[in-house]
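These are my notebook entries on one protein chain. I set down what I looked up, entry by entry.

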Amino acid sequence: MAPFVEVCRYKPVSPLTLSSLSSCPCRSTPRKSLILPHFYSKLRFFDSKSVSCSRFSGISVNRRVITSVVRVESDHLGDDSNSKEEHERDQELQNVEEDLSLDQQEQKSRSQFKKRVVFGLGIGLSVGGVVLAGGWVFTVALAAAVLLSAREYFELVRSKGIAQGMTPPPRYLSRVCSVICALMPILTLYFGHIDISVTSAAFVVAMALLLQRGNPRFSQLSSTMFGLFYCGYLPCFWVKLRCGLTSPVLNAGIGRSWPVLLGGQAHWTVGLVAVLISFCGIIASDTFAFLGGKAFGKTPLISISPKKTWEGALAGLVGCILITILLSKSLSWPQSLFSAIAFGILNFFGSVFGDLTESMIKRDAGVKDSGSLIPGHGGILDRVDSYIFTGALAYSFVRLHGV
């Protein structure tokens, strides 16, 4: 409540106004009056210092006292309106901040999409050139991708999410295994098979784990052996498919117009055509699954990857089969429609299984991407996960198909 000052012990005769309070024979004041609220007239004001002349019925009060009373009362009356205004301002600021955050998220998603498109096109063109070159160019490029993928895999194994439930292998052994994985494609090109090499490498790694200092754990052995199989052995089937199957494709239209300096028609082998169709089928599967999931996705596919839906998977399967049929007609392999459909289905399931396997590893590791090497795409393992199992399936299909 506003402070009150008793000016005099006598009751004021007239209503309490600014002119009556400040009237004094020694001092002239303007005749403007300020009528205070009604309940102030019932109060007694007293302050000996503010009384200028007691002989007169008029009361003189210091202007400072009047000003303070009016200010306090106005502040008291304006508290409610000020609080409402402040609440409205806070609400407006919150709305502005939310709009800004939404705009920032949209801009960020657009920039991420642009990065994915630009780097995706660059990677696609580079991989296409490497596949067409074949031989040592293809093998060395694959070995480099295997080395980076193996390093990312063993970093995931050593991450906090997985290491809480198991003992990871020592860091020096992880690096040695990454190098062994990178050598496997080269050994495959040189020897044609790597059965003895893989068995020898697995034996050496197992002995190193068993003879290490401390207490060896089975989790170390299992994660290391799976890394040799997942990152080293399986990608070698792409070398066996591209460089090992050298039978030319007959009646291939693009082969007849291929320059002689680049190998002529003999350059278009069954292995080259099979690799191109598999790569294009995997890309079509991922693209159609993404678009179909965005447009129609409602039913979750699996808990490992919550963003994948059955509708998106069905769209990916259809896209993979369509691309496989179109390419088989233009490249004259496989000859029959049934074989083309079967090859497309096989590529689709290999792609999905490889993607889900890497998603399971990342989920246990507690990370979104395996790395950050490729802007907008994550790590190398994020880009090649769909190709890891597909190479073995495609090679098995071609061999069973009679080539």
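**Entry 1: the loop between α11 and α12.** I began with Pro334, which lies in the loop between α11 and α12. The model is a predicted one, and in it a cis peptide bond joins Trp333 and Pro334. I recorded an omega of about -10 degrees for this bond. Ser332 also lies in the loop between α11 and α12. Its phi is near 65 degrees, and I marked this as a positive value in a residue other than glycine.

Entry 2: I then looked up how α11 (residues 310-331) and α12 (residues 337-365) are arranged. Their axes come within 8 Å and cross at roughly 135 degrees. Angles over 145 degrees would count as roughly antiparallel; α11 and α12 are therefore oblique to each other. I noted the crossing as right-handed.

Which residues of α11 meet α12? On the α11 side I listed Ala313, Gly316, Leu317, Cys320, Ile321, Thr324, Ile325 and Ser328. On the α12 side they meet Leu337, Ala340, Ile341, Phe343, Gly344, Ile345, Asn347 and Phe348. By class, the residues of this contact are 11 nonpolar, five polar and no charged.

**Entry 3: α3 and α5.** Next I turned to α3 (residues 135-157) and α5 (residues 171-191), whose axes come within 8 Å and cross at roughly 160 degrees. That angle makes α3 roughly antiparallel to α5. The crossing of α3 and α5 is right-handed. From α3, the residues in contact include Trp136, Leu142, Val146, Arg151, Phe154 and Glu155. From α5, they include Arg171, Arg175, Cys181, Pro185, Ile186 and Leu189. How many residues of this contact are nonpolar, polar and charged? I recorded 14 nonpolar, four polar and four charged residues.

**Entry 4: α10 and α13.** The axes of α10 (residues 270-296) and α13 (residues 380-401) come within 11 Å. They cross at roughly 140 degrees, which makes α10 oblique to α13. Here too I wrote down a right-handed crossing. Val270, Ala274, Ser278, Phe279, Ile282, Ile283 and Asp286 of α10 make the contact with Ser386, Tyr387, Thr390, Ala394 and Val398 of α13. I sorted the residues of this contact into eight nonpolar, three polar and one charged.

**Entry 5: the UniProt record.** I consulted the unreviewed UniProt entry, which lists residues 117-150, 190-211, 223-241, 266-291, 312-331 and 337-356 under "transmembrane region". I examined two of these spans in the model. Over residues 223-241 the chain is 89% helix and 0% strand, and the end C-alpha atoms are 27 Å apart. Residues 266-291 are 85% helix and 0% strand, with their end C-alpha atoms 38 Å apart.

**Entry 6: confidence.** Finally, I checked the confidence of the prediction. The protein chain averages a pLDDT of 78, and 71% of the residues score at least 70. Over residues 1-67, however, the pLDDT is below 50. Beyond near neighbours in sequence, this stretch has 79 contacts in the model.

Methods:
Residues numbered from 1 in each chain as written. Predicted model: local features only at pLDDT ≥ 70, side-chain atom pairs only at ≥ 80, totals over all residues. Heavy atoms only, no water. pLDDT = per-residue confidence, 0-100. Contact = heavy atoms within 4.5 Å. Axes fitted to C-alpha atoms, helices over the stretch in contact; angles between N-to-C directions. Helix = DSSP H or I, 4+ residues; strand = E, 2+ residues; numbered from the N terminus. Parallel < 35°, antiparallel > 145°, perpendicular 65-115°, else oblique. Left-handed = near helix turned anticlockwise from the far one by under 90°. Nonpolar A, V, L, I, M, F, W, Y, C, P; charged D, E, K, R; others polar. UniProt positions renumbered as here; feature names shortened; annotations may be inferred.
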